[in-house]
Amino acid sequence: MRRSWRSGRTLGSALHRGTVDRTAAEDWIREYVEPVGAIETAHERPWATVLRVPLADGVAWFKACGPIQAFEPRLSAELYARWPDLVAEVLGYDEGRSWLLLADAGTPVGIPNNTPEAWVAILPQYAELQRGETARTQEHLDHHVPDLRVGTLPRRYEDLLRHELPLERDEIARLGRFAARFEELCGELASLGVPETVQHDDLHAANLYVQGGRLRLLDWGDASISHPFASLVVTVRFLEEINKLAPDDPWFGRLRDAYLEPWGDGHRGTFALAMRVGAFAHVIAWARQRDALPEEARARFDTGFRIVLRRAVAQTLE
């Protein structure tokens, strides 16, 4: 029998450290569901381990989060409690051990179906979630959702410049020269008064699922509290890189307008500024992830990090 996810919540300091006690995990899983076969490892990453749990009526997914995204189980459960039609169903979670058990959410849209039409459909719903979560910003911060609010970004940018970045020397120099201007842009964005809230920061086709005609957003492990409009930084990147849309393609205006509709009129200028600042916030989030990786995993990580960095470097041009 399945229990309510709220009944399984425990508090504590023991966090996943890259290995999972399979006996304890499987015992915990069985408190919520009845597996009908072997529980198998779906994948292991430095930041999380995912297990596939076969059920009589389908499958469930167990995720043990590493310290870098230890906030994800609670955040996922809280979002499911308030937005059950937009995110994956949470069957159970343990905040202290950073464990999460999800019902199957269907099939990822994936590269073949990463159409602008799918994003036009989901983005207004996602914006409503963000608007609804503004009242809980401090609560999320108190439970360790990363703080990338605009006011924190100039300091984090300076810290970024002290990192060993996988860029050419002239690109790093350009980032350094941009620091003062970046602080000005952050001040301008903050003055425009859009409330900061949950920002998924990984809105691409592998995290957009479809089941029975319903779209859902999964995987909140890269989320932060930040400027909401920067959410589309990742979406735009993948539509350019995978779908080969040109930067001036009319679809991007349609996506912007669909996303902004729940926020009300008059936000196009704010959106453009948030996307520019958000490119650097996204880099800062990647740097945080990189810092948590073992040394041997960084070279592979840097392949994607370099792309994100160079898209930000392009924003240093006036």
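Ala, Val, Leu, Ile, Met, Phe, Trp, Tyr, Cys and Pro count here as nonpolar, Asp, Glu, Lys and Arg as charged, and the others, Gly among them, as polar. The model is predicted, so that local features need pLDDT of at least 70 and side-chain atom pairs count only at pLDDT 80 or more, while totals for chains, interfaces and linings use all residues. Residues are numbered from 1 along each chain as its sequence is written, and side-chain values use heavy atoms, with hydrogens and water left out.

Figure 1. A cavity is a set of points on a 1 Å grid over the protein atoms alone where a 1.4 Å probe fits but cannot get out; a pocket is an open set with protein on both sides within 12 Å along at least five of seven lines, and lining residues have an atom within 4 Å of a point. Points are joined across faces, edges and corners, and a volume is the space filled by probe spheres set on them. The largest cavity has a volume of about 40 Å³. Its lining divides into 7 nonpolar, 3 polar and no charged residues, including Leu189, His227 and Gly278. Helix α10 gives the largest share of this lining, 4 residues. Helices (H or I, at least four residues) and strands (E, at least two) are DSSP runs, numbered from the N terminus.

**Figure 2. The second largest pocket.** About 500 Å³ of space lies in this pocket. Of its 21 lining residues, Val236, Glu240, Met275, Arg311 and Gln315 lie nearest the centre. The lining has 12 nonpolar, 3 polar and 6 charged residues, and its largest share, 7 residues, comes from α10.

Figure 3. Ala179, Phe182, Leu185, Cys186 and Leu189 are the buried residues of α7. They cover an arc of only 115 degrees around the axis, which puts them on the same side of α7; the arc is that of the directions from the helix axis to the C-beta atoms. Buried means under 20% relative accessible area, exposed over 50%, and partly exposed in between (1.4 Å probe, protein chains only). On the other side, Ala180 and Ser191 are exposed. The buried residues pack against α5, α6 and α10.

**Figure 4. Alanine 279 in helix α10.** Alanine 279 lies in α10 and, at 9% relative accessibility, counts as buried. Leaving aside neighbours within four places in sequence, alanine 279 is in contact (heavy atoms within 4.5 Å) with Val233, Ala312 and Gln315.
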